[in-house]
Amino acid sequence: MERKKPTNAKQRGYAKGSAKEPVFIVKRASRLGGLDYLHISLIVLIVILVALAFELSTFKTTVQCSYGASLNGTCITPKYNSTQALGAAERIIASYSTINSSLALLPYYVLPNESNVSFMGNQNEWLITMPYKDPFTGQRLMFSMTLYGQNLSLAHPFMQTLSPTSHTQNKAIGVGAISLSGKVLCTTSPPYPVYMITDPYAPGAFSAIRDAINASKRYNSTINMTYKFIFEGNSVEKYSKYGINVTQLLGMYLACASTQQKFGDFMSNLSTVFNGNPLSENILSSIVNGSGLNVPEFNTCMESVPIVMEHQAQLAVFYNITETPAFIVDCKYQAIPQTLDSVINYTLGHAGATASTG
């Protein structure tokens, strides 16, 4: 049976008056408030675009946050800045000088100016990575510590080692010195005072004295070296065997000999007989006579030396000296024998002075 073809435009699917324009039939969607499918599609598209715009705005905020975003989408802002965090780390490092181990050397070999300081927003902690020079091998190494963000106290110590036994406001300043909190410079022009403080029986005491004598010669009139002898743990250990008076006699002789120009000769002769234990008064007296010291001047000094020793002990307490030998440069900086030259040069350069090394 042959099907009949449409005979007019309406039957062929074209609108009246336009033979080639198609007619779109939009059906009403039942059960949706009378909306048709075209409007429903537009509404869905608008919802998708709004959601996409919200996601993009949230992503943009997260990227711009320096320390990350919190759970509610706001940027995390630390309580302290990186400069304050580094300053706290320098104070903590200085406190390692109180530890009776090789870590006590750490404050004198750090390089704070080359530190990397970053804030970990998720943990609310500051991470400080600082280079230091190994005093035994000379290698440049790195260590790190983390500080609590709320108060900049130590969270995790250097390489998971012991924490400092006590905390001070001193700072490791990266020139082989600890800058002493609450202490001020003695002078702003040469000669700068340098105190050499040691227990005469401390390991390295005689070597440190020789270092001090040599530094006095190298820096000539730009520093004024004085020698302070105290009786700490190394001396106390000998009291039970040798007695207090005999043990302390060495420190008294050193104190009076150090005030004369021939102190270097006295030390050279003393080193030949000293074995780490107290020496008798006869031996010490013979060294005085054989070293070219002014004997009457020396004897006068010995009459008042107990008072001198007490003043020197008070000076060590004032500077909180717990380990000897130690140096105090210009009343402000604490150094060890290995870093003495560096700290003296820093002091001279800091004041615009020039050292005389003749």
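Predicted model: local features only at pLDDT ≥ 70, side-chain atom pairs only at ≥ 80, totals over all residues.
User: Where do Arg218 and Asp341 lie?

Analyst: Arg218 sits in helix H3 (residues 205-219), while Asp341 belongs to helix H9 (residues 340-350). The two are 123 residues apart in sequence, so this pair ties those parts together.

User: Is Arg218 buried, partly exposed or exposed?

Analyst: Arg218 is partly exposed, because its relative accessible area of 31% falls between the 20% limit for buried and the 50% limit for exposed. Asp341 also counts as partly exposed, at 31% relative accessibility.

User: How many salt bridges does a search of the whole structure find?

Analyst: The search finds 4. One of them joins Arg140 to Glu114, with 2.2 Å between the closest N and O atoms. That pair links distant parts of the chain, 26 residues apart: Arg140 is in strand E3 (residues 140-148), and Glu114 is in the loop between helix H2 (82-95) and strand E1 (116-120). Glu114 has a relative accessible area of 44%, which makes it partly exposed.

User: What do the side chains of Lys262 and Asp265 form?

Analyst: They meet in a salt bridge, at 3.7 Å from N to O. That still counts because the cut-off is 4 Å. Lys262 is partly exposed at 40% relative accessibility, and Asp265 is partly exposed at 36%.

Notes:
Residues numbered from 1 in each chain as written. Heavy atoms only, no water. Helix = DSSP H or I, 4+ residues; strand = E, 2+ residues; numbered from the N terminus. Buried < 20%, exposed > 50% of the residue type's maximum accessible area, 1.4 Å probe, protein only.
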